[in-house]
Amino acid sequence: MTTEQPVAAAPAPAPTAVPAPRPGPAAEPARRGFLAKAFGVTALLSAAGSGLGLLRDLLLARYFGANQGTDAFLVAWTVPETAAPLLIEDAMAFLMVPAFSLALVLREERPHGPDPVRQLTRSTLPWLLLALCTLSGGVALGAPQLVDLLAPGLADPRLAVTCTRITALTILPFGVAGYLASALRALHSFTAPAVIYVMYNLGILALLLSGHRLLGVRSAAIGVAVGSALMAGVLLLPFARRLRSGGRRRGLRRGSARRLVLIPLALLPVAAFTLTRQAQVFIERYLGSALPPGTISHLNYAAKVSQLAMTSAILIVTVTFPVVARAMAAGDFTAARDRVEKDLGQAAALVLLGTAFLMACAPALVALLFERGAFGPADTSATAAVIRVYSFGLPAQAMIGVMVRPYFCVRPVVRRADVPRAEGDRITWLDWYPVGAMLLGLAVTVAVGVGATPHFGALGLAAGNAAGITTTAALLMRGLMLRGVALRLPLVLGGQARLLAAAVAAAGLGALAARTAAGPLPAALLGGTTVLLSFAALGALFGAAEVRGPVLGLLARARRPQPTPSTADEGKPHGR
């Protein structure tokens with residue numbers, strides 16, 4: 001199965017100054033079918049990657065538990081945890097998906113000239129490789145200072161320094177993987193980018209299984225480096241094939257007129273936003289290092305489980321982001337607004353369903369997944385409590401993931417060569433608005449964390465995380481409207497309120513059902529089933545379109561009479 005869609009088959013958008021025409025009735029089903037197929041393939045492969053990631057965390061808990069060794073590794077894991085959003089999913093995608101989308105618009109406008117996609121690759125990839133190599137070497141050399149900055153309370157930082165130097169090797173392949181994945185998604189190829197986390201976790205699992213006795217927690221750090229190399233390697237051939245096929249009749253000649261101009265300053269707000277968003281993890285590690293040993297590990301396991309509720313929501317915007325970017329590159333802000341509103345509703349429905357399940361079944365789920373080997377009942381209780389507090393911030397996390405993508409589409413890393421320099425290159429305060437929103441959210445995180453940690457420990461850190469990210473989401477919704485994507489707030493907030501009411505009631509009913517079961521597995525199954533059925537019924541009853549539509553569709557399909565053999569054969573011609 002493939003989700004690749006030939007670029008040449010897409011209708012040519014209008015120039016930037018003139019809004020592109022909306023797709024006709026015949027085009028909408030085709031687009032919906034393509035998005036559904038792309039989402040299905042991406043969801044399947046991403047679920048496989050998430051499953052392998054969960055197995056990775058289970059092995060970490062089984063082999064090493066929650067102690068000073070795992071705390072040291074998790075401090076070192078801050079490097080790939082920071083590099084992944086910066087270089088793979090968030091910042092790199094925010095920059096390069098709109099850039100490649102603009103290149104595709106230009107390719108369609110003038111199909112017989114030099115290929116803008118190849119020009120973009122030649123203008124950006126060499127500089128990216130140089131920057132990545134420099135950054136990787138700098139992190140490896142400065143590992144002792146970095147560990148001291150991130151977790152000054154570690155009793156023995158030497159293991160953390162060693163693991164940090166190993167994980168610094170991930171920066172180069174992460175950046176290459178993010179660049180190639182962004183290009184392929186803009187080219188409507190989703191299969192290969194969805195495989196990268198499968199390869200990443202396979203590399204980690206291979207080293208954990210084979211080296212945990214000999215190397216200890218260092219085996220996980222080496223596995224992270226090996227997995228990152230596999231991520232980049234799996235994308236090289238698909239990218240080369242798409243670049244070659246797309247430019248077969250559009251060879252780039254030396255001295256030909258440029259269609260795209262690089263805007264280096266556009267990198268700064270995007271990178272700053274991603275780093276400030278990731279700074280929530282830095283704050284947790286910093287404050288958590290002064291708490292009892294194992295606290296950082298409890299926070300990490302809780303975050304990993306909580307993020308599972310985010311997977312489907314992020315998949316939606318991963319698939320639809322190129323559609324939004326192409327619409328905004330063509331000047332069709334109405335189509336972009338409609339897509340963003342739909343994404344907000346669908347993402348909220350999925351993440352609130354997952355949040356309700358976590359609220360209802362967190363103790364049973366953690367016991368089922370982790371409570372074995374070195375991970376004991378006390379670890380289960382601490383991790384489950386953190387999960388429930390974390391869950392309050394999951395809806396805001398999903399909203400930020402949806403809204404920040406179209407926000408940065410307005411300022412791609414390249415511009416048309418025919419746009420005046422003064423207009424195209426100037427960076428305004430609106431470009432920095434998401435950074436300011438995130439900084440205010442971090443201030444809330446720090447204030448709540450510092451105030452609550454002495455009394456509540458890890459729960460205070462989790463509460464600060466949820467409060468800070470919710471503040472950022474509210475500010476970013478206002479910023480998106482200032483940017484030109486005029487969300488219809490009564491429609492959006494009304495839909496969110498209906499979904500929230502259904503989720504709260506479903507969580508309460510699921511918690512009651514889970515308490516009646518004996519054992520983690522029956523409790524998780526009974527509570528999860530109750531949450532699912534309650535959320536579906538209440539969401540449809542409250543009029544949430546994202547729930548009511550699928551529920552009514554399933555009911556109509558169930559009531560539809562199946563044709564009997566006699567009726568199926570009726571009307572067919574008899575004889576030969």
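Predicted model: local features only at pLDDT ≥ 70, side-chain atom pairs only at ≥ 80, totals over all residues.
Which residues does threonine 276 touch, not counting residues up to four places away in sequence?

Colleagues, threonine 276 is part of helix 11, which covers residues 267-288. The residues that threonine 276 touches, with those up to four places away in sequence set aside, are Val435, Met438, Leu439 and Leu442. Threonine 276 has a relative accessible area of 13%, and it is therefore classed as buried, the cut-off being under 20%. A polar atom of its side chain lies 2.9 Å from the backbone oxygen of alanine 272.

I turn next to a pair of helices. Helix 12, residues 295-308, packs against helix 14, residues 333-370, at an angle of about 120°. The axes of these two helices are 11 Å apart, and the crossing of helix 12 with helix 14 is right-handed. On the side of helix 12, the contact is formed by Tyr301, Val305 and Ser306; helix 14 contributes Leu358, Leu365, Leu369 and Phe370.

Finally, I would draw your attention to proline 98. Where does proline 98 sit? Its place is in helix 4, which spans residues 91-109. Proline 98 counts as buried because its relative accessibility is 4%. Proline 98 and serine 182 are separated by 84 residues in sequence, while in space their C-alpha atoms are 9.0 Å apart.

Thank you; I welcome your questions.

Notes: Residues numbered from 1 in each chain as written. Heavy atoms only, no water. Helix = DSSP H or I, 4+ residues; strand = E, 2+ residues; numbered from the N terminus. Buried < 20%, exposed > 50% of the residue type's maximum accessible area, 1.4 Å probe, protein only. Axes fitted to C-alpha atoms, helices over the stretch in contact; angles between N-to-C directions. Left-handed = near helix turned anticlockwise from the far one by under 90°. Contact = heavy atoms within 4.5 Å. Polar contact = N/O pair within 3.5 Å; in protein donor to acceptor, adjacent residues only side chain to side chain.
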